[in-house]
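Here are my notes on this one, as numbered points. Have the viewer open while you read.

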Amino acid sequence: MENVPGKAVLRYVDGSPELRINLSNHFPTGMVFVLELHGAKDVKASITRDEVVEGKLLFEITLTYLEK
């Protein structure tokens, strides 16, 4: 995980490929909600990596936001 002011990158690695749909539909939205609960404004999430390598899911979301 990377976290600098105004940007956070979260990576989910080594998971089952079956989690792909669940992560795509719920993980970015959930992280936006968490940041907003803690005062972040104008939160934007994008899926920046979504692939299966050697049977393992590599999933990454990048969030940008304005600090409170």
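Which residues does T62 touch, leaving out those up to four places away in sequence?

1. T62 and its surroundings. T62 touches K7, A8, V9, K44, A45, S46 and T48, once residues up to four places away in sequence are set aside; a contact here means heavy atoms within 4.5 Å. T62 sits in strand 4, residues 56-66. Strands (E, at least two residues) and helices (H or I, at least four) are DSSP runs, numbered from the N terminus. With a relative accessible area of 14%, T62 is buried; the cut-offs are under 20% for buried, over 50% for exposed, and partly exposed in between, with a 1.4 Å probe and protein chains only.

2. Ground rules. This is a predicted model, where local features need pLDDT of at least 70 and side-chain atom pairs count only at pLDDT 80 or more, while totals for chains, interfaces and linings use all residues. Residues are numbered from 1 along each chain as its sequence is written, and side-chain values use heavy atoms, with hydrogens and water left out.

3. F59. This residue is also worth a click. F59 is placed in strand 4 and counts as buried because its relative accessibility is 1%. Its contacts, again not counting residues up to four places away in sequence, are L10, R11, Y12, L23, S24, F27, I47, R49 and D50. Take R49 from that list: F59 and R49 are ten residues apart in sequence, yet their C-alpha atoms are 5.2 Å apart in space.

4. The core. The largest nonpolar core has 13 residues, and L35, V43, I61 and L63 have the most contacts inside it. By nonpolar core I mean a set of buried Ala, Val, Leu, Ile, Met, Phe, Trp, Tyr and Cys residues joined through side-chain atoms within 4.5 Å. Strand 2 (7-15), helix 1 and strand 4 each supply at least two of the core residues. Strand 4 gives the most, with five residues. As for L35, it touches A40, V43, L63 and Y65, not counting residues up to four places away in sequence.

5. Salt bridges. How many salt bridges does the structure hold? There are five, by the criterion of a side-chain nitrogen of Lys or Arg within 4 Å of a carboxyl oxygen of Asp or Glu. Side chains of opposite charge can pair when their charged atoms come close. One of the bridges joins E60 and R11 at 2.6 Å, N to O. That pair links distant parts of the chain, with E60 in strand 4 and R11 in strand 2, 49 residues apart. E60 is buried, at 13% relative accessibility, whereas R11 is partly exposed, at 45%.

6. Another bridge to look at. R49 and E51 meet through their side chains in a salt bridge of 2.7 Å, N to O. R49 is partly exposed at 36% relative accessibility, and E51 is partly exposed at 31%.

7. Positive phi values. D42 is not a glycine, but it has a positive phi of about 50°. It is placed in strand 3, residues 41-53, and is partly exposed with a relative accessible area of 49%. D42 also forms a salt bridge with K44, the closest N and O atoms being 2.6 Å apart; K44 counts as partly exposed at 46% relative accessibility. E54, likewise a residue other than glycine, has a positive phi near 50°. E54 is in the loop between strand 3 and strand 4 and counts as exposed because its relative accessibility is 78%.

8. A surface patch. F33, V34 and L37 form a nonpolar patch on the surface, with about 300 Å² of accessible area together. Patches are made of residues with over 30% relative accessible area and no salt bridge, joining like charges within 9 Å and nonpolar side chains (Val, Leu, Ile, Met, Phe, Trp, Tyr) within 5 Å. The areas come from the Shrake-Rupley method with a 1.4 Å probe, and for residues only the protein chains shown count as cover. L37 is found in helix 1, residues 20-37, and is exposed, with a relative accessible area of 57%.
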